[in-house]
Structure formats: C-alpha cells, structure tokens
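I opened my notebook to record a few things I wanted to look up.

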Amino acid sequence: MDSLLTAPEIGAEIFIEPGQTDQEIDTWFRQMKDLGLSITRIRMFENYMHQPDGSWDFSLFDKAFLAGEKYGIAIYANLFPATTFDDVGGFKFPKTEENLHQIADYIKHLVTHFSAFPALYGWVPINEPGSGELPDDTFTQDRFVTWKAQQTPAQYNSKGYTHFNFEEQRFLLEYNSWFLKWLIDEIRRYDSERPIHVNNHAIFKNAAEYDFPQWRNFLSSLGGSAHASWHYGYFTRQKYALAMSANSEMLRSGAGGVIPWMMTELQGGNNTYSGISPMCPTRFETAQWLWTTIGSGSKGSIFWCLNPRLSGFEAGEWAMLDFQDQPSDRLLAASAVANTITANHTLFAGANPIDSGIHVVYTRESMWIEQKLQIPGDLHEGRSIGGVIKSALSYFEALSDMGIHASFKEMSEFDFDQDDYSKQAIILAHQISVPSRYWEKIHRFVSQGGKLIVEGLTGYYDENAYCLLRAGFPFKELFGGEIKEFKVVAPLFDLHLSSPDLKLKAHLWQGTLNLTTAKVMGTSVNEAVASQNTYENEVIASLKGHENEVIVSSNRSGNQVIASWNAYGKGEVLWIPSLIGMGARITNDYTALTDLLYQELAPLLKNQPALFDHIQQDVIMKTMRSGNSYLFVIINKSTTIRWIKLKTNNLSKDPLIIYADQNGRVSAQNEIEIHSEETMVLKWDLDVS
C-alpha cells in the first residue's frame, strides 16, 4: 500500500471467522486484487485465537495475512479483545482492572505475532470509540470517582450563581482520550513503527466525546465509520450524500492538516435486521460516498464489508459480494472509482481540498447543555436533542447548494492565532453555549477582519448553562447590542429583513434586540408578530372585565428589532436571533437563506475558484487543487437532469471529464449536464498564460 500521504486507497473489510476454508479466504483477497482494491481491515477476534486452555492459535488469521501478502493487499489489524458473541461493535472501555490487564495481555500476543507479516500495514486499537454516555461498569466508575476528587470545586460562577458542572461529560471526553492513548502505548511496546488509526462513529451524535486536537498527538491518522443505516438518522435518504460531506468535513477538521484522515467504514451492502434504517446502497450511492470523501481530502475508504459474516448479529448482511462470491453492482462501482484513481495517480496524490475560508462551527458544550435540559413534552426540532447540530447542518447545506466547500468544525479546532481574518467567516447557528474561554478569541477574530454570522439562541449560555443574557452580556460590544427577550412564536413563521429585503422562514423562537452601536437589519412588523397577536387575541376574547387592560398591554410592543449588523474593529457581525437555518431545513427550501449568504459573504465568494452560477439545491460540489489543476466532484441528488454553469476564475475553457457514471457531459459553453444520482469528476486546468 502507498503511504497515507499519497493517492487515496479503496478497499473493503474481509471478515474472518471459524468455518471458512483456505480457498474462500484466498478467493476474497484475489478478487480485491482483480478489482483494483488495495486495502482491507480485519477484526482480530481474541475469541477465535485464545483457546480455553490459555494457549493461542493464530492459524485462521495467519491464512488471511499470507493471502494479503500474496495479492499485495495491505491490512489494518483491528483489535477486538474477548467479548460476548452478540457484541457487534466491540469493547469501548475496560470493565474491571482485571479486564484491563487481560486486554494488555491480548495486545502483547497479537502484536508480537502479526508484526512479522509483511501484509500488516497498521493497527486500529479500538473499533468505533464513543459510547454515547458514561458506562456504569466498575472500572469506569472508579476512575470517575478518582477524577472528580482531583477537580477544583466550581459550584458557583464568578457572579455567585449555582450552576451545572457537566462532570460526566467532561470526564467522558478525557476518558476516551486516555483509553485510546493507553491502547496505543501498549501497541507501541511491541511495534514502534506501523501507523495507528482509529474510526469514530455516529459523529453527529457523538462529536462531543471526541477531542480530535488531542488525538493528533498520538494517532498516525484519523478516521470514521459512516454507515447510513446506523448514523444518518438526521437526514432523509436523498440527503445521505450531504451527510457524508458534512461527516467528512468534521473528520478533516479533526485531523487539522496535522495527520491524514480516511473513512474506515462505509456501508457496503444490504442490512436486513441490523441498522436503524434498513437499506441497500445503490451503485450510484457507493460512488457518491467514495467521491465525497475523496473530495474532502480522505486518503482512502474501506467498506464494511467484502464478504458477509455467516454467524451472529449481522449474519449475511452488509457485504459487497453476493452469496456466490460474485461482485455486486456496488463492488463494481467501487472498483471503477479505484481504477480511476489509479489511472490518475499523480493527480490525486497531489490533490488537496480548497479551503473556502467559510467555517460552520459548533460547540460540544451546546450539545451537552441541549441534552441536559431535555424533559418529556412537545417535540420541536430546535429544542430537541440534535437541534444545535441540525442548525449548523442547515448552513452547511445552504453553502453546499451554492457550490461552496465550507468547513464544519468544533470550536476548539478553529485556528484563533492568525493575524488576519479578512478572508474568513465563522457561522454560529443556534450554538446555545459559547464557552467563556472563547469570548476573547471571538472578539479578536472579528477585530482582525473576520465576518461573524450569529443566529438562533447562540450565546444564550456559557459552558455551565449559566444564562448570559442579563446584565454583563459578554458580546454586547461585539454584537452592538443585547437580547431583549426570546418568545415562542410558532413551529414555522415568517421573518422579514429590510436590508436585504428578504422573507425567511424561522422556527419556534423569535429574539428581539436592544441595540447600542449596531444597525437595524429588520423589525418585527411581520407574520411572526401577527401569529403571536392571534394567540393573544384569543386570550383576550376569553377574559371578562379586563379586555381593555390586556389590549393595551398587547399593543405596547410596537416595532421590535429582530436582526442587526455591527462593525467591530476591521470586521463585522450579522446577528439574527431566530432559527432561520432550521426554518430552511424543515421546509427544505434554502432559497432565501442562500440569498442572504450571497450578500453577506460576497467579499469571500470572489476568492473561490468556482461557484454555481445560481443555487443548485440537492447538488454537491467538492473542490480540490492538484498542481495547476482544479478537481471538481459534482453529485446530482435531485430527481431531474441538471444543467450547471460554474463561475470560474483563471480556468481554461476545456475541462476534462475523468469520471462520470451516467455519461454526463460538458457542452461547448462549459455547461455541465449531469443526470439524477450521477457523480462527475472534472479536471479543470488553471490558465497560467
């Protein structure tokens, strides 16, 4: 296998279990070779090696490693210590101190034995870290008690208010990093050279557990599992390619350009009883997911899995080979992508994503607080678990519809140490918590020329769920005002801006502002107030003897400021304290939101190598550069043929199509014709004359 610093590698996991014949194992590796696939991952089940009498028998897995060597297939060995037969995902943490020593002993036997095989490329110390909540096993709880004893008590904040401490969440964040580092240290006792990789999972729900900047210090590469059936519940199937794009950008941000990243697991086949949303990917989706990860800078993708396991949970599911060991249409599609990369090896080896300078940013504390404050009741997208991530995703999708390759990152992953942010923008969409450690950094970002777009209930809390909106609001000077109040209006309501003249859909809450230095961008003379007044009038009609009093009270509000713009230092802040991103997402209509973004991001859009000439909903474009060439990955998820023109800077007139799985074409006027569900990859050379 090539180094992770060169062209992307495509492969599929080979599942090894007792009962398989030598010929079957040899056939699977040979087929990978014949189809142009070059990398696999194998779960190294201790249960299939460690015998009841205490001895070790590696012979079953030896056959796989010898076949890998025979056919030139690189192998990632995935640690899988002893667990119950029905444990599909594997261990996340030790259960007892004794179990920790058992894992260490397993690693010793495994690594010392398989390090001798030339086919071994690297190690995956744990499958899909991230538990969703703090486990209740003895080992974890004992460490939690010890950890708490070492913390400085912080029951009161600086103003004397009691507050939540989020001890479990903060401990789990550190605990995941500790155990991953412990596993790696154990591997390094016996193998100091081979790469070490890890794949997180369910990132839209588990992101708050992952301290990616910390992980860069001990990982060789970062990865992820991206199974539509398990992990993309926030999306419809039509949006799965968009979900893959956002998932990939979160991983790219996590790797931070310090280490490479690759998608360790992609759904390869049908899931019958496993998975939350049963499905079988089409050949077109297989190609879409591969090219989306590649366009986001992935150095490879591995499907789960090549052959179906035949026993236990997931038996007969997920495979890319059929039950006669023949390639499915999905496997042939993956082969076509792999062969395209091979045919253009130098081009893809030097390709890197183009950073647009536009960053959709979330905070893990927003996810913690959102979950902490849940109670049974009416379900609304904005106040349910997932609301803060879905709000951020709405802007990511709007930017995608514009053809913008935006980043998607946790705030700790943003580089706040630059001197000039005049070509960068941060979008904080309904990030209900902005931790105090970032307040000065955000001020500096704007003062040094950055554009800040703030919407929804962003900044409602600090990191401890202390409400920031009364006296001493930390962003008063930066935003040029304060929140007067938030009012529940309706699940969907219209929000009018005067500059620009736009009518946006908003969700649930409308915030009103008391401005100091900011300029008014919109007032509340709109359907939102009408909706609220309709409810108030119903209340009035039900009262006896107090009608005039209530009517006077209702009409006192007058015009309320609902959006503002403020200059601060060399930069500026747009503030709309209503959930307009969520409104666009719920209605699946991003037209007005993209109109707003076109205006607010206009200076940055001039610097993009290419954009859609107008909004293309349900079309995704990822942009890369390799030498003097740009690479554009374009995916049409709409139900119709699209004709797309790109606004380009300094590009030649003759783009080259290097991949199109439905014979898409480029006309003489450089208009791209792309069919429904089609993926195209264009190579467009810079005009250097």
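**Entry 1: the largest cavity**

I began with the lining of the largest cavity, where helix 14 gives the largest share, 3 residues. The model I am reading is a predicted one.

Next I asked how many cavities of 30 Å³ or more the structure holds. I found 7. For the largest cavity I noted a volume of about 60 Å³.

Then I listed the residues that line the largest cavity. Two or more lining residues come from each of helix 9 (240-255), helix 14 (387-401) and strand 21 (619-626).

I sorted the lining by class. I got 4 nonpolar, 2 polar and 5 charged residues.

**Entry 2: threonine 623**

I stayed with strand 21, where threonine 623 lies. Is threonine 623 buried or exposed? Its relative accessibility is 3%, so I put threonine 623 down as buried, since the cut-off for buried is under 20%.

I then looked up what threonine 623 is in contact with, leaving aside neighbours within four places in sequence. My list has Gly295, Asn352, Pro353, Ile354 and His405, and also Pro609, Tyr630, Leu631 and Phe632.

For strand 20 and strand 23 (residues 642-648), I noted 3 bridges in the antiparallel sense.

**Entry 3: a parallel pair**

I turned to strand 10 (residues 358-362) and strand 11, which run parallel and are joined by 4 bridges. Here valine 361 stands opposite lysine 409 in strand 11.

Which way do the residues of strand 11 (residues 407-410) point? Ser407 and Lys409 point one way, and Phe408 and Glu410 point the other way. I noted that all of these are buried. In a regular strand the side chains alternate between the two faces of the sheet.

Methods: Residues are numbered from 1 along each chain as its sequence is written. This is a predicted model: local features need pLDDT of at least 70, side-chain atom pairs count only at pLDDT 80 or more; totals for chains, interfaces and linings use all residues. Side-chain values use heavy atoms; hydrogens and water are left out. Two strands pair if DSSP finds at least two bridges between them. Buried means under 20% relative accessible area, exposed over 50%, partly exposed in between (1.4 Å probe, protein chains only). On a 1 Å grid over the protein atoms alone, a cavity is a set of points where a 1.4 Å probe fits but cannot get out, and a pocket is an open set with protein on both sides within 12 Å along at least five of seven lines; lining residues have an atom within 4 Å of a point. Grid points are joined across faces, edges and corners, and a volume is the space filled by probe spheres set on the points. Ala, Val, Leu, Ile, Met, Phe, Trp, Tyr, Cys and Pro count as nonpolar, Asp, Glu, Lys and Arg as charged, and the others, Gly among them, as polar. Contact means heavy atoms within 4.5 Å.
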